[in-house]
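Hello,

Here is the structure I promised to pass on. Please have a look at the sequence and the model first, and then read my notes below.

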Amino acid sequence: MILDETFISLVVRYGDDHQQGVNLWMELVERYSEAGRYYHNLNHLEHLLSELIPYKHELRDNDAVLFALYYHDAVYNVLSNDNEEKSAALAEERMISLRVPPDRIKACMLHILATKAHIPSEDGDANLFTDADLSILGQCWDTYSTYQKQVRQEYAIFPDTPYNAGRRRVLEHFLAMPSIFKTPPFYDKYEHQARVNIRRELDSSEIRK
């Protein structure tokens with residue numbers, strides 16, 4: 001599985017300890033396999049990695065982006081509004097233990113925090129990373145439909161009325177953006193379909209309940 005191999009290779013570049021890489025990977029597997037994770041799980045990481053691989057050589061700091069990829073949803077609680085901050089803090093702690101350079105740790109943390117609002121950044125790496133994170137919005141309708149159902153499952157604790165109101169706000173926020181995607185390759189590939197999908201979800205009977 002490329003997901004685990006990529007992470008362990010990343011860790012070994014710093015700790016020079018394969019077992020440490022395995023241990024940190026198993027910690028991530030446990031976190032991303034927690035009960036209630038229907039979308040924000042290992043499949044999401046795998047999709048994100050596949051979206052970023054083609055742009056590996058365009059990234060200024062590929063390792064910082066990879067660490068952000070693996071840790072950006074490591075802490076995920078639908079009742080909390082500081083998941084990104086906690087995920088960034090966990091990434092910082094693990095990267096310090098690996099003796100990753102401070103500038104790279106800071107960059108990783110900023111990438112993770114950028115997924116909170118998905119607004120344009122002066123950092124091109126952050127824009128590629130957050131665009132990849134949003135790329136699910138621009139997939140074919142069947143894939144998008146599965147994604148929206150998985151997100152609803154994650155928020156199953158909330159009744160339809162408050163959930164649908166919150167979901168509408170999120171979707172309308174995306175549509176109000178001048179562009180959902182911040183980088184030319186992701187914009188060209190996904191912008192149009194993302195807007196089609198979002199409008200279709202907003203028009204659905206489920207979200208209007």
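Is Glu27 buried or exposed? Glu27 is buried, with a relative accessible area of 19%; buried means under 20% relative accessible area, exposed over 50% and partly exposed in between, with a 1.4 Å probe and protein chains only.

Before going on, two notes on the source. This is a predicted model, in which local features need pLDDT of at least 70 and side-chain atom pairs count only at pLDDT 80 or more, while totals for chains, interfaces and linings use all residues. Residues are numbered from 1 along each chain as its sequence is written, and side-chain values use heavy atoms, with hydrogens and water left out.

Glu27 lies in helix 2; helices are DSSP runs (H or I, at least four residues), numbered from the N terminus. Leaving aside neighbours within four places in sequence, Glu27 is in contact (heavy atoms within 4.5 Å) with Tyr71, Leu90 and Arg94.

Helix 2 (residues 18-32) and helix 4 have axes that come within 10 Å and cross at roughly 40°. Axes here are lines fitted to C-alpha atoms over the stretch in contact, with angles from 0 to 180 degrees between N-to-C directions. The two helices are therefore oblique to each other (under 35 degrees is roughly parallel, over 145 roughly antiparallel, 65 to 115 roughly perpendicular, and the rest oblique). Leu24, Trp25, Glu27, Leu28 and Tyr32 of helix 2 meet Leu69, Tyr70 and Tyr71 of helix 4 in this contact.

Now to the core. The largest nonpolar core has 58 residues, and Trp25, Phe67, Tyr70, Tyr71 and Leu137 touch the most other members. Such a core is a set of buried Ala, Val, Leu, Ile, Met, Phe, Trp, Tyr and Cys residues joined through side-chain atoms within 4.5 Å. Helix 4 (residues 62-71) gives the most to this core, with seven residues. Beyond four places in sequence, Phe67 is in contact with Leu10, Tyr14, Met95, Leu98, Val100 and Cys108.

Helix 7 (residues 124-134) is worth a look too. Ten of its eleven residues are buried, so helix 7 is largely enclosed by the rest of the structure. Its buried residues pack against helix 3 (42-52), helix 4, helix 6 (102-114), helix 9 (160-176) and helix 10 (184-203).

Finally, Ile136 sits in the loop between helix 7 and helix 8 (141-154) and counts as buried at 9% relative accessibility. Ile136 and Ala194 are 58 residues apart in sequence and 8.2 Å apart in space, C-alpha to C-alpha.

Best wishes
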